[in-house]
Amino acid sequence: MNELSAPHGSHWMRTAAIPAYPPLTADTEADVAVIGAGVAGLSVAWELSRAGLSVVVLEAHRIAAGVTGHTTGKLSALHTLVYAELRASRGAEAARAYAGSQMAALRHVGDVAAELGIDCELEERPALTYCEDPDGVEELRAEAEAAREAGLDASFTTETGLPYPVAGAVRVEGQAQFHVRKYLRGLADDLTARGGRIHEETRVVGLHRGEPCRLTTESGATVTARDVVVATHHPVFDRGMLTTRLTQHRDLVVAGPLPAGQDPAGMYITREQGKRSVRTAPYGDGRLLIVTGEAFTPGTEPDTEERYRRLEGWTRERFPGVEISHRWAAQDNAATDTVPLIGPLHHGDGHVYVVTGFGGWGMAGGVLAGLLLGSLLGDAPAEPEWVELYDPRRPATVARSAPSVLKAQWDAGKHFVKDRLDTLGSGAGRTVADVAPGSGEVLRLGGHPCAVFREDGGTVHAVSAVCTHLGCLVAFNDAERTWECPCHGSRFDVDGEVLQGPALKPLERRDPEE
């Protein structure tokens, strides 16, 4: 296969069809309304339904098709290098609570899959964080020690199943990987069998907090509920100002068939070379090698295709003979203090809860959110150390992470101002006729920033370049042909329709002839 000839498309999306659910067309009521139907939203909804509550799930597009449908599908409590940092910033008890909660989520997937008879390709694998540079070895030794102290079956090693040498690695036994869409398909089937309702193509555009809460959808239909869970990856309703405590990154993924005898038999990750993550999945008589990396902030990469070339080149070099058959991309956000945000959205919002900030580890994190909010909203006993650890309102942690928060806001503010100045400079004098086929540019047209895309065949699409979230200017992703906001990660198609929040409204259409 020629370089970069692999089509876009997630392996998980291609290999697990999920029946469509109807949009919401009439007003309705429920005990709990869950906004978002990825792994977090569906896990929360299923746990609450099992607790006997009436639940309605509202998804703007299709279930398990956004971030969840473009994951790597790892169920791991080893999150690169988190335990030494947690022990230093929040103490050994917090590190133990983090490890215990993540392992509980991992085990829960196995229990639920067995209970419901879901064949989701669940496989036990060790998880390893490694380095090739000897300068990183001491950091890995410290992480192995901290992870072991936190309760994980962790060790430091120099031996792995990778076909290239490493300087060292943290290895944690008893981790897992799975096909998340097959798992969530089973969860959705059981949820609806219990009386839960799922509505796709139903974008929520308004939230009135109160007793009860009231949600307004794009179609005008409303939902009245005692409690609301916002599980939209980046919170689309953010009275708690969580935007200031979240950073965005987008990872590229390439994959190709691998003979079963060459399976490295583990889940691997390194922070080196712009991050590299390696795992395999069942694929015919062999395995599918899945490699992730080249992390970047959405809307800041002028040449995403070049990043794909680097990732494919690395994969072919490290795994000779592999031909790339798939490529896709995934987007994640991370809390500035490294710990996800699961719990009440704000001190004044006693009935609105949020799930966000998984930092690339949302499979176990999403299942954990179901366990935690299932207890909090279902009046079941909850692990108090888990509640405290993940509480979005944690003031001491907010104070400790102030430098990271300030940096994130500085970056957003810098884009807000600098991108406008750049448009006045580089975009000045350029017209729609200057935009090449297959490319997109932000131009100054009629005194306003305009995002212009020209199809390969010449058809022009023009929309406002001002993100409808908080007003930053979008930039073009040449590989995925999307407009992306560098401030908070909203993504739009070439006609301005929202692909990913926190933006709720599309970019305004513009007439390219004006």
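Trainee: In which sense do strand 22 and strand 23 pair, and over how many bridges?

Mentor: The model is a predicted one. In it, strand 22 covers residues 482-484 and strand 23 covers residues 491-492. Their pairing is antiparallel, over two bridges.

Trainee: What span should helix 2 have at 1.5 Å a residue, and how far apart are its end C-alpha atoms?

Mentor: Helix 2 runs over residues 39-50, which makes 12 residues. The expected span takes 1.5 Å times one less than that number, so helix 2 should span 16 Å. The distance between the end C-alpha atoms agrees: 16 Å.

Trainee: How many residues of helix 2 are buried?

Mentor: Buried here means under 20% relative accessible area. Among the residues that qualify are Val39, Leu42, Trp46 and Glu47. Helix 2 is mostly covered, and the count is 11 of its 12 residues.

Trainee: Where does pLDDT stay under 50, and how many contacts beyond four places in sequence does the model have there?

Mentor: The protein averages a pLDDT of 90, and 92% of the residues score at least 70. Residues 407-412 stay under 50, with seven such contacts. Residues 414-418 also stay under 50, and their count is nine.

Technical notes:
Residues are numbered from 1 along each chain as its sequence is written. This is a predicted model: local features need pLDDT of at least 70, side-chain atom pairs count only at pLDDT 80 or more; totals for chains, interfaces and linings use all residues. Side-chain values use heavy atoms; hydrogens and water are left out. Two strands pair if DSSP finds at least two bridges between them. Helices (H or I, at least four residues) and strands (E, at least two) are DSSP runs, numbered from the N terminus. Buried means under 20% relative accessible area, exposed over 50%, partly exposed in between (1.4 Å probe, protein chains only). pLDDT is the predictor's confidence in each residue, from 0 to 100. Contact means heavy atoms within 4.5 Å.
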